[in-house]
Amino acid sequence: MASTPVLDARQLSKTVPAPEGTLTLLDDIHLTLNPGDSLAITGPSGSGKSTLLGLLAGLDVPSAGEVRLRGEPFSALDEDGRAALRGRYCSFVFQAFHLVADLNALENVQLPLEIAGAARARERARHWLERVGLGHRERHFPAQLSGGEQQRVALARAFAVEPDLLFADEPTGSLDRANGDQVAQLLFDLNRDHGTALVLVTHDPALAAHCAHHHELVEGRLNA
Amino acid sequence: MPDPRLLLRPWRSGAFRIQALALLVASLAIAAVVLLRGELEHRFANRTAEAIGGDLILEGSQPASEPQIALLGDRPRSAISRFTTVLVRDDTFVLVSVKAVDDGYPLFGQLRVSERRFGDPVAVDRGPPAGEVWLAGTALDRLDQNLGEFITVGDRALLVSKVLVREPDQGAGFYSMNPRLMMNLADVPSTGILGPGTRVRHELRIAAPGDQLTEVAEALRPTLAVNQEIDTREDAGLRSMGPLRQLTLWGQLAVMMVVLLCGGAVYLAAGVRGAEQAGRCAVMKTFGASRRRILGQVLGRELLALLPSLLLGLGLAALAFTLLRRWLGEALAWQPPWHTWLLLGLAPVVIWAGFALPRLWRLAHLPARDILGDRPQAPSARAGLNLIGALAAPVLVAMMLSGSLSDLGQLLALMVAVAVGLPLLLWGPLRLADRAGQRWPLPARLALRRLSRRPLTTLPMLAAMVLALSIMSLATQVGQQLLADWRDRLPENAPNYFVLNLFDQDLDAFRDWLDRHDARVPGYYPVVRGRLTRINDEPVREAVTKEEDDDDQGQRALNRDLSLTEADTLPDSNRTLEGRWVGDAAGEVSVESELAESLGLTVGDSLTFTGQAGDLQATVVGLREVDWESFEPNFYFMFSPGTLDGQSRYWLTSFYLPENRTGELPDLIRQFPQITLLDVNALLDQAQGLIDQASRAALALAVLLLAASVLVMAAAWLAGGQQRRRDEALLRVLGARNRLLRRVAVLEQLLLLGGAALFAHLLHLAALVPLGVKLFDGDLPLSAWILLPWVVVLPLLALEALRPRSQDRPLARLAH
C-alpha cells in the first residue's frame, strides 16, 4: 500500500477582486509531495509564488480546489483547526528569518515545540541549536546575531518539531553567498537526514537544482 | 504653499491623530489655565481695589497736599475722611464711625442703600449729597431713628435719608464695632467736629489700573509727609484667600501634569509615526535627497498638518474663556495682551518639538539600508537621551507661561525626578520579573518577554502609564478633597448674621428667640475688651521687640484693645498645633499661632491683660491655628472658663437665618435694641460664589487630566501595535491557535496595565503627604480613590479579551 502523500494539492486556484474585474493569481495547480521529496518552485516576481506557499500551508484559503496535509483537507477546518494541522506537520523558513525579537535563540527554537505541547521542549531546542552550530549562542537575541546565524536559528526552529513538510521561502535571499551556501547546505542535509519533504520557493537556479523536483510558476500556472 | 491634500494625508494615521489630539488637549489645558489665572488675577486686583477703595490710597492724619493732588493730574480719585463721633437722640448715645465722602466716592463698585430698615437694597454710584446722611440699620435701631428725620452731627443737623446697607470698600471689616454714618465731605467743616487733636484719617483714593500703579506710587513716594503712608491693592492680602490660593496651585500642578501626560502621548505616538515615515525617508535618501530636504518635507508637513488641532485647542480655550467671562458676569473683564496669545500658540509647538521632533529627526540620520532592509535596529542610547531631552519641553512651557521657574521650581523638580527616576525605578522590577518568568507557562512567558525584553520601549511606556494612572487617581482625590474642604469651610447654612453687644441679662431671652425661629447657632462667646500689657511680667513692648514695624501682626495687636473670650470647647474652625486646649481651671489661655509667633510667645509663658475691671493673668497652654475664612467668630486669645469673671463683658454670637425669614429680624431688634446686628449675607454670597467658581474650574481641570491620561494609554497601545500584529502572525504560522494568541495579548495587557496600576498606587501613596502639605496645610488622607486606576484598567483588559483577532493572511502581515 502506497504511503499517504505529505502534501496533496488539487485544482488549486486563487482569484481576487480587482478594479478591472477578477484577477486570477493561481490557476489549476496540482501538486503531490511524498515523504522525503523536495520540490523547488521558481518563477519571476509577481508570479504568485508566495500566494501558492500560503495556500499550501493553510495560511490562506483557495478560491477553488483542495489542499490536504497527510490526507487531512484544510477546507474542512476552521482557522484554529488549520493552525493545529499546520503545527502538527509543517514548519517554515522565511527570507526575513522572522524570529521573535524578544526571545533569545533557545527560546525561539523552543517556541513551536511549546505551541505543539511537546515534552522536554527545552532540551530538544538545545539539541537542535547544537545541530546548527549555535549551542554557544543560545542566550543571544536575534538583534545580537548575524543574518546567517539568525537563519540557522530559524532552521533549528523549523526542524525542532520534526516536521513532515518544510516550507522554505527564499531561505538564502537575505544572505551573502558564503552564509547562503552554508544555510542551503544545512537545509538540504537536515532534509535528507530526517526525511522531511521540502517545498522551496526561490529565485536562485543553483538552489533549485538541489531539489528532486522543480516547477516554474508562470502567470499563475505551474510548468514542470 | 503645499497641496492641501498632502496636509490631510497624515490624518489617516492613528498615531498622527493621537498626536494631534494630545496637542489639542495640551493647548486647551495651557490656554485655559493661563486665561483663567489671568482673569482671576485681574478680577482679584479689581476686587481688592474695590475692597480697599482704590488701587492706591494715600493715607494720613492730614489731607493730601495740593502738590500731591497736582501730581495726579486728571486721574480718577476720591477723598474721604474717617473719624468717630457720638450721636445723641433723646437719652440715647450711640458711638458711630463716620465716613465723610466726596462726589468721587466710591471709586470702584457701588453702595447699597435701602429706603427702609430691612428693605430691599438698591445699588447707587454716589455717596449722600450735602445736607444728608445715611445711617447703618443698627444705629437707626439703637437711636430709634426714622428715615426722613434730622439728626445732629456735631453742630449740624443733617437729614437721615437712607439706610446704609453695604459699602463696596467694606472688605472683610465687618467686625467694625461701631455702626456707620456716611455723610458728604463738604458738610464736615460745618459740624465743627474736627479740630486739633481729633483722631481722624484722611484718605485720597486713586485709580491706577495695571502697571500704572507702580508709576503713581513712585511719583507720590518722595512727597510723603511724616504722617502719610501709601497702601496699594498689591499690599492687600485678598489674593491669599484659601480657595483661590489652592485653585491657583492646583491649576499650576494640573496643567503641568497635563503637559507631561500629553507630551508622553506625543512621544509614544511619534515613535509609531516615525516608523510610518521611515520608508519614505529611506526612499528619498536613496534618490539623493539631502537631510535638510527630508526634514523639511517630513517635519514641515507634519507640523503644518498639526496646525489645525493647535488652533482648535486655542480656539476652544478662547471660547471657554468667553463663556467663563459671561458666566462670571462682570463688566471689567481682562483683555489678554497679544503676547499672551502668541505664547499660548507656541506652547504646544514647544511640546511637539520636545517630545516628537527628536524621534522624527532621527529618521534623517538613519542609513537608508537599515530602514529598507528592515534590519532590526539595535536599541539606541539616543532613545534615553530623547526622553531626557523631552523633559526640557515642559520646563520651557512653564518658563514661557509663568515668566520664571521660581513659582514652579519645586513642582518641576518633582516632575523631572518622577519622569526620569520612575523608568529607572521600574527597571529593577522588570528585570526581576524577567528572571522569575522563566518557568511560567508559555502564554504568560510570551506576554512577559514582550515587555521585559524591550526595556527602552516598555519603561517609558510603563512610566507614562504609571504617571497617567496615579495622576488620575490623585487628581480625582485632590479635586474631591478641595471641594469637600471648601464646602466644609462655607456650608450652605454658614452663619449669615453676627451679633455683638448682647448682655448677660438678655442672653436667655435671646437664645429663646433664636430657638423659636429655627436659627442655627454655632456658639455664644463672652467678650471682654482688654489690652496685652505684660509677657512673663515684663512690659510687653520691651518683651516683644525693639524694632517698630507697623505691618507686624504682633505690633498691631499690642496697639489696640483685643476681644478676649473664654470657651470650654475648641471651635470647629480651630486646630491645636502645639500644647493643648484650655482645661477647666481658670487662668489658662490658648493663643492664635501666627500672633504667638509674631509676639514670640511659647507654651508656658505668662500673660497679663488689662481689662476694664483690672488686670487678668493666664498661662499659655496651647497654640491654635485659626481658619479666619470660616465665617464663624474667631479670637486671638481664648481663655479657660472662669478666667474672665469679674470683667465687664458682652456676648458675641453668630447665627444662620434663611433669607426668606429676614422679615422677622425687626422683631429681634425691637426686643433687643442694644445689640449690634451685622448682616454678612453679601460677603457670604460673594465667598460662596467664588468657591463655586473655583470648584467648577477644579472639575474642568480634572476632566482635562483624565483626557490626557486616556491619550497616553491609547498612544501606548498604538506604539506596541505593529510589533504585536507581527508577533501574532508569526505565532499563527507556527501553529498557535486563537486561544493562545488571546491569552498572550490579555496577559501582556494585564502585566502592563496591572503593573502600571500597582505602581500608580505606590506613587499615589507617596504623593499624599507632599500634596497634603502643599494644598491642604496638612496630610491628605488615604481614600478609595486610590483604586480608581482599576476602573480604567479592567475595561481595557475586557476590551483586549473580547477584541476579535485579525483574520488577515499571516504571511501578508509578516511581510509588512
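Chain A contains seven helices and 10 strands, as assigned in a model that is predicted. Of the 224 residues that make up this chain, 55% count as buried, and the accessible surface of chain A comes to about 9,400 Å², of which carbon and sulfur atoms contribute 48%. When the contacts in chain A with a separation of 6 or more are considered, 69% of them are accounted for by residues 24 or more positions apart.

The helix α1 of chain A, which spans residues 49-56, is largely enclosed by the rest of the structure, because seven of its eight residues are buried. The buried residues of α1(A) are A:K49, A:T51, A:L52, A:L53, A:G54, A:L55 and A:L56. Just after this helix, A:G58 takes a positive phi of about 70°.

Further along chain A, two helix pairs were examined. Two packed helices are described by the angle between their axes and by the distance between those axes. Helix α3 (residues 105-115) and helix α4 (residues 121-131) of chain A pack at an angle of about 125°, and their axes lie 8 Å apart. This angle makes α3(A) oblique to α4(A), and the crossing of the two helices is right-handed. On the side of α3(A), the residues that take part in the contact are A:A105, A:L106, A:V109, A:Q110, A:L113 and A:E114, and these meet A:A121, A:R122, A:R124, A:A125, A:R126, A:W128 and A:L129 in α4(A). An α-helix has 3.6 residues a turn, so residues three or four places apart point the same way.

Helix α4(A) also packs against helix α5 (residues 147-160) of chain A, in this case at an angle of about 130° and with the axes 9 Å apart. The two helices are therefore oblique to each other, and the crossing of α4(A) and α5(A) is right-handed. The contact is made by A:R124, A:W128 and A:L129 of α4(A), together with A:V153, A:A156, A:F159 and A:A160 of α5(A). Among the residues of α4(A) that meet α3(A) are A:R124, A:W128 and A:L129, and these residues of α4(A) also take part in the contact with α5(A).

B:V200 and B:Q62 are 138 residues apart in sequence, while in space they are 8.3 Å apart from C-alpha to C-alpha. Leaving aside residues up to four places away in sequence, B:V200 touches B:G60, B:S61, B:S81, B:R82, B:F83 and B:L194.

Finally, the cysteines were considered. A disulfide is a covalent bond between the sulfur atoms of two cysteines, and the structure holds zero disulfides over all chains. A:C211 counts as buried because its relative accessibility is 9%, and B:C262 counts as buried because its relative accessibility is 0%, the cut-off for this class being under 20%.

Conventions: Residues numbered from 1 in each chain as written. Chains lettered and ligands numbered in written order. Predicted model: local features only at pLDDT ≥ 70, side-chain atom pairs only at ≥ 80, totals over all residues. Heavy atoms only, no water. Disulfide = S-S within 2.5 Å. Buried < 20%, exposed > 50% of the residue type's maximum accessible area, 1.4 Å probe, protein only. Helix = DSSP H or I, 4+ residues; strand = E, 2+ residues; numbered from the N terminus. Contact = heavy atoms within 4.5 Å. Areas by Shrake-Rupley, 256 points an atom, 1.4 Å probe, with all protein chains shown as cover. Axes fitted to C-alpha atoms, helices over the stretch in contact; angles between N-to-C directions. Parallel < 35°, antiparallel > 145°, perpendicular 65-115°, else oblique. Left-handed = near helix turned anticlockwise from the far one by under 90°.
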